[in-house]
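Reader: I have just opened this model and would like to learn how to read it. Could we go through it one feature at a time?

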Amino acid sequence: MADVQFTDVRKSFGAFPVIKGVDIEIADGEFVILVGPSGCGKSTLLRMLAGLENISGGEISIGGKVVNTLPPKERDIAMVFQNYALYPHMTVEQNMAFSLMLNKAPKEEADKRVKYAAGILGLDKLLERYPRQLSGGQRQRVAMGRAIVRDPKVFLFDEPLSNLDAKLRVAMRAEIKELHQRLKTTTVYVTHDQIEAMTMADKIVVMHDGVVEQIGSPLELYDRPANLFVAGFIGSPSMNMIKGKLDPQDRNRFIATDGTVLPVANAPAEAVGCDLVYGLRPEYITLDAGGMPVEIVVIEPTGYETHLIVRLGGSDANCVFRERINARPGETLNVSIDAAHVHLFDVETGRRLTD
């Protein structure tokens with residue numbers, strides 16, 4: 001195992017910069033997820049760590065050793081790709097042992113490692129099958145097994161679950177997390193799915209347009225987003241955002257652009273007079289017979305919860321209720337807002353102003 005460090009890492013394709021000075025520290029044994037929308041640079045950063053892309057500037061180190069110019073095979077990493085990359089003419093056992101064969105490992109050692117990985121991943125009874133005889137989830141396990149047998153310092157995952165159906169993705173998320181808890185190998189994982197990031201990571205790196213917007217634990221990013229981009233990207237349903245300003249006479253009152261007054265707790269003095277975005281997670285809007293009236297736009301019963309879109313402050317707002325709502329679009333509900341969980345963002349800079 002080893003720590004990984006990116007120091008002012010840059011990458012350009014011709015005159016077009018795609019990674020713009022990234023600094024990330026990944027501790028030994030940590031599970032870190034790079035997350036962001038398509039084109040943000042997360043996969044490029046992973047490929048540079050793997051040695052599959054050249055670095056335009058900065059340093060990448062693994063275990064304290066700078067690896068900028070090292071070829072992939074000398075970096076002691078193992079990568080699991082989105083498309084599995086299994087050899088169709090080889091059995092599961094042969095696929096898993098292939099890298100060991102290339103390195104001329106003794107057959108006894110290779111067999112031992114393959115059986116160990118197969119036992120962890122539940123592949124014991126599938127070793128003689130070919131990839132075409134496996135389900136998508138089983139193929140993904142084989143790709144993971146091929147990485148495990150190498151016993152690398154760092155595991156790299158490049159959107160490994162995107163080809164799986166929704167139910168299988170949930171199951172594989174749990175398997176990968178359990179695998180990491182068992183092996184405790186430093187892991188860098190790329191995804192565009194923030195639910196994967198929230199449920200699996202020790203630490204999340206949120207990227208956008210080639211820069212790191214925020215680094216922190218899943219709940220740190222959820223509860224204290226640094227800016228509007230992180231606030232909107234992390235969380236499902238996403239954070240509600242309503243434009244307006246603070247009442248200059250009372251910082252506990254936010255006045256939306258349509259004149260609706262919304263509660264705020266502990267708004268900083270620097271927010272007065274600024275164009276603001278009022279940020280509120282859906283779960284902090286609750287049913288209250290004595291609260292403010294809102295119009296129902298869409299109602300989505302899921303069984304366990306009821307998701308509503310309501311008209312609030314001139315914008316559509318997401319709500320999540322545990323109660324089953326007997327209502328229809330166009331009707332009115334009364335709700336309250338938990339002012340202690342309101343975020344205020346500066347429209348101009350995007351920065352969060354509240355503590």
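Author: Gladly, and let us start with open space. Rolling a probe the size of a water molecule over the atoms shows where empty space is left. Here the largest pocket holds about 500 Å³ of space. A pocket is an open set of points on a 1 Å grid over the protein atoms alone, where a 1.4 Å probe fits, with protein on both sides within 12 Å along at least five of seven lines. Grid points are joined across faces, edges and corners, and the volume is the space filled by probe spheres set on them. Please keep in mind that this is a predicted model: local features need pLDDT of at least 70, side-chain atom pairs count only at pLDDT 80 or more, and totals for chains, interfaces and linings use all residues. Residues are numbered from 1 along each chain as its sequence is written, and side-chain values use heavy atoms, with hydrogens and water left out.

Reader: Which residues lie nearest the centre of the largest pocket?

Author: Met79, Phe81, Ser99, Arg146 and Arg150 do, out of 17 residues that line it; a lining residue has an atom within 4 Å of a point. The lining divides into 12 nonpolar, two polar and three charged residues. Nonpolar covers Ala, Val, Leu, Ile, Met, Phe, Trp, Tyr, Cys and Pro, charged covers Asp, Glu, Lys and Arg, and the others, Gly among them, are polar. At least two lining residues come from each of β6 (77-80), α2 (92-102) and α4 (136-148). Those labels are DSSP runs numbered from the N terminus: helices are H or I of at least four residues, strands E of at least two.

Reader: In what order do the strands β15 to β18 form their sheet?

Author: The order is β17-β16-β15-β18, in an open, antiparallel sheet of four strands. Because β17 (315-321) and β18 (332-337) each have a single partner strand, one side of each is left without a neighbour in the sheet. Strands pair if DSSP finds at least two bridges between them; β16 (residues 306-312) and β17 are joined by seven. One example to look up is His307, whose bridge partner in β17 is Val320.

Reader: How many salt bridges are there in the whole structure?

Author: First, the idea: side chains of opposite charge can pair when their charged atoms come close. A search finds 14 salt bridges, each a side-chain nitrogen of Lys or Arg within 4 Å of a carboxyl oxygen of Asp or Glu. In one of them, the closest N and O atoms of Glu305 and Arg322 are 3.7 Å apart. Glu305 lies in the loop between β15 (285-301) and β16, and Arg322 in the loop between β17 and β18, so the pair ties together parts that are 17 residues apart in sequence. Elsewhere, Lys11, Arg47 and Glu53 are linked in a network of salt bridges, with Arg47 and Glu53 meeting at 3.6 Å, N to O.
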